[in-house]
Amino acid sequence: MTQLQAARNGTVTEAMERVAERERTSAEFVREQVADGQAVIPANVDHDSLDPMIIGREFGTKVNANIGNSEETSDLEGELEKLHTAVHYGADTVMDLSTGSDLDAIREANVEHSPVPIGTVPIYEAVKRVDEPADITHELLLDVIAKQARQGVDYMTIHAGVRMEHLPLTDGRKTGIVSRGGSILAQWMEENGMENPLYTKFEAICDIFVDYDVTFSLGDGLRPGSLADAGDEAQYAELDTLGELTRTAWDNGVQVMVEGPGHVPMDEVAEQVERQQRVCDGAPFYVLGPLVTDIAPGYDHITSAIGATEAARAGAAMLCYVTPKEHLGLPEQEDVRDGLAAYRIAAHSADVANGRDGARAWDDALSEARYAFDWREQFDLALDPERAKSYHDQTLPGDNYKEARFCSMCGVDFCSMRIDQDAREDGEMTDIETGSDERTDAGDSAAAEVNRPPVGTHGGASVPSGALGDDE
Ligand code: SF4
């Protein structure tokens, strides 16, 4: 029985209990959301190492990290390291998009070692097993999907919404079809003169998914690859089909989320999310970015995290990260880290803005540690503690600086928080309120003296020279 079927039967599963604990809500609320298709718990019955999580707009915004090899870079150990990096830096789910060699071994190892749901795109493996994409058969596709379900994959991107009748709608596009799955299926349909096999075999795929409780991630094969193509007829025609397929999956007892763009101007992001929610009856929206400008290759974790924040604010449930390598090359571990940081910031910012229970407490705790000059606590609470500590310690590495009432940003004499605190301690704020014009030079205060850099570390009481970029 899938989580959806159990929820509809009124059964609270162990996974629902665990999710409720993680989300600090009631198991009954989780059950209701799953039963209504408003949330999914991607949890293949054979994924033993999984710690269940939930994706839905009523829960914390989730972040997915894509990893995987390519023909150019292929190595099982390297992929497991990427998985570890992704989970370490906070990925809520991980998609294995491998297209190189050892696909089965990498997939099985990922499932075996991952505490988070693993997603795949089966069309990639199908392509690897034939000479030409047009040679893919319906049987081969179902065979690949069934095998990956048996291997414990929790959710699969199925580009079933790309229909033959949609293809001419992409003719005038600036960047054509940019989804790998979408372009492969378009080629298959053109060359075989037949409808998308993932569409015609959708119910057969449902039969496989129901046995293992694999969740659909309905792919957006016609997503825009540039601002110019956002919200065009092709994209929305596919979205209408995704709405139809969402209802078909639900009718078959299968959980569904729906994938979204891509590249979208900032002012159209919310409108796109609202449209998906309307067309797909509230099925969780899983968005890639979107990038809100096309001009910054090398910085697309930033261009897309801006759009992702707006999307999550408008109701998107999961954000697929984009790394600085987007459009340029396969991400390595440091790119995974940077992409995840950008997306966890996006997800958390949206959760704060949406008033998600408990989200804001994190910000407040960090601010308190910051104002108290409790550097260790500040590092511990930071989104990326290692990065925060290493940046701080580049200029003030000594242990004694972990209690200092300044850092090298403003330096001891100009630390505004220290000046502010001294002023309050000396009663200056009260004096200002009562109109007194007496002032104390905060840099001369006893507190400032105590927190000057110790002799021997930087050789003086001024800003450490390293902070200004000089050689010591
Ligand atoms: S020196 Fe500036 S940046 Fe550093 S703690 Fe003080 S106010 Fe903050």
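User: Which way does helix 12 pass helix 13, in a left-handed or a right-handed crossing?
Analyst: Helix 12 passes helix 13 in a right-handed crossing, that is, with the near helix turned clockwise from the far one by less than a right angle; helices here are DSSP runs (H or I, at least four residues), numbered from the N terminus. This is a predicted model, in which local features need pLDDT of at least 70 and side-chain atom pairs count only at pLDDT 80 or more, while totals for chains, interfaces and linings use all residues. Residues are numbered from 1 along each chain as its sequence is written, and side-chain values use heavy atoms, with hydrogens and water left out.

User: And which residues of helix 12 meet helix 13?
Analyst: M266, V269, A270 and V273 in helix 12 meet I306, G307, E310, A311 and A314 in helix 13, where contact means heavy atoms within 4.5 Å. The residues of this contact divide into 7 nonpolar, 1 polar and 1 charged, with Ala, Val, Leu, Ile, Met, Phe, Trp, Tyr, Cys and Pro counted as nonpolar, Asp, Glu, Lys and Arg as charged, and the others, Gly among them, as polar.

User: What comes just after helix 14?
Analyst: Just after helix 14, G355 takes a positive phi of about 70°.

Conventions:
Helices (H or I, at least four residues) and strands (E, at least two) are DSSP runs, numbered from the N terminus.
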